[in-house]
Amino acid sequence: MRVAYYCQHVLGMGHFFRSLEIAKALADHEVDLISGGPEVRAELPPHVSLFRLPGLMMNDDFSELYPLEPGRSLEEVKNERARLLSERFLLFSPDLFLVELFPFGRNQFSFELLPLLQDIRDGHFGPVKVVCSLRDILVEKSNQEKYEARVVKRLNEFFNLLAVHADPALLRLDETFGSLDRVRIPVRYTGFVTTKPRSGAGIALRRELGLEPSQKLIVASIGGGKVGGRLLFAALQAFARLGLSGARMHVFSGPYMEASEFLALEKLASAIPSVILEHFTDRFLDYLDAADLSLSQAGYNTAMNILATGVPALVWPFDQNHEQRLRAEKLKQLGVLGILEDADLEPERLAVRMAQAMEAGRRSGPAPVDLDGAANTARLLQDLAS
């Protein structure tokens with residue numbers, strides 16, 4: 001089976017890494033991962049090729065697209081992307097087209113996706129099954145009724161299947177999308193998509209870092225880094241107040257943090273002993289597996305990493321929409337993490353919360369939800385194609 005997988009990340013990296021995890025699970029097939037966001041450092045398995053469209057990103061309030069390449073107009077980049085996407089599709093000749101998030105999101109990329117979907121529907125590329133790959137929670141819209149009507153129309157017109165990457169025992173799509181009963185194509189829950197920690201990875205990393213079993217390791221992160229910097233500044237100040245002998249803190253700012261903000265963070269980190277600051281690590285899951293505490297936002301990927309490793313965790317949900325808040329509240333009910341409010345970012349208060357979370361210790365036993373979403377998705381797609 002040949003799978004073309006379209007993934008456009010516009011702010012963080014979560015969409016790309018979730019898509020990559022599903023692509024990895026399709027190990028017996030040929031996958032062409034089509035990406036049009038900022039470049040992400042990631043190792044691809046042999047069966048996955050990466051095709052990069054000219055980069056587009058969105059501003060922080062998701063209201064406006066802009067080209068990543070200086071000096072190029074938005075219209076010029078749009079035209080080139082639409083042409084390249086169609087040409088790539090013709091060259092690759094897929095059996096299945098997997099589209100991440102659209103039509104539930106990425107409406108500003110309709111300029112390239114709708115013409116391609118219309119050509120697929122009209123048979124210009126031969127028989128191709130089309131699947132929407134969707135995360136657990138949708139963000140609210142200013143005109144929800146109009147939005148849902150548009151999504152339903154496009155799903156019913158262009159798609160063969162909707163794959164929801166969630167465990168319905170924890171989160172159901174109809175909690176954030178009220179028109180699910182009008183969707184005529186099959187809707188399948190796959191379980192959550194996440195990387196699983198390698199056996200002994202955390203122990204090996206602690207040994208590599210020179211940490212004794214009694215020494216505490218705290219990991220603070222904010223995904224891509226475009227938002228959430230306030231949490232890292234608070235975490236550093238709180239760590240300085242903990243007074244834990246031999247404790248270590250590793251801070252990951254994300255590769256997209258503004259240079260001026262990173263410089264300020266670097267200045268603060270350099271004044272605190274036993275703090276290591278980096279933009280990014282491709283061993284993030286190993287760090288969580290090794291850690292005594294994780295401080296982060298509540299994006300899909302990080303939340304699932306927390307579940308997969310069982311690390312004690314405090315999350316500060318991104319407040320521009322309700323997505324991270326809802327996910328965090330559901331997971332708090334399972335007892336797998338604590339939620340930080342804005343007031344908790346006061347350093348003394350945060351230090352107390354951190355100490356309490358570490359004292360509670362690591363969760364033991366299997367995760368309380370289905371985390372086999374990648375493998376389940378691969379089986380679902382193979383069944384559909386055959």
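**Reading salt bridges in a predicted model**

Me: E30 counts as partly exposed, at 39% relative accessibility. With which residue does E30 form a salt bridge?

Reply: Side chains of opposite charge can pair when their charged atoms come close. In this predicted model, the partner of E30 is R2, and the closest N and O atoms of the pair are 2.9 Å apart. R2 is likewise assigned to the partly exposed class, its relative accessible area being 26%.

Me: Which parts does the pair of E30 and R2 tie together?

Reply: E30 belongs to strand 2 (residues 30-35) and R2 to strand 1 (residues 2-7), so the contact links parts that are 28 residues apart in sequence.

Me: Which residues are joined with R72 and E76 into one network?

Reply: Salt bridges with shared partners connect E69, R72, E76 and E80 in one network.

Me: With which residue does D344 form a salt bridge?

Reply: D344 pairs with R353, their closest N and O atoms being 3.2 Å apart. The relative accessible area of D344 is 7%, so this residue is buried.

Me: How many salt bridges does the count come to?

Reply: The criterion is a side-chain nitrogen of Lys or Arg within 4 Å of a carboxyl oxygen of Asp or Glu. By this rule, the count is 26 salt bridges, including the pair of E30 and R2.

Notes:
Residues numbered from 1 in each chain as written. Predicted model: local features only at pLDDT ≥ 70, side-chain atom pairs only at ≥ 80, totals over all residues. Heavy atoms only, no water. Helix = DSSP H or I, 4+ residues; strand = E, 2+ residues; numbered from the N terminus. Buried < 20%, exposed > 50% of the residue type's maximum accessible area, 1.4 Å probe, protein only.
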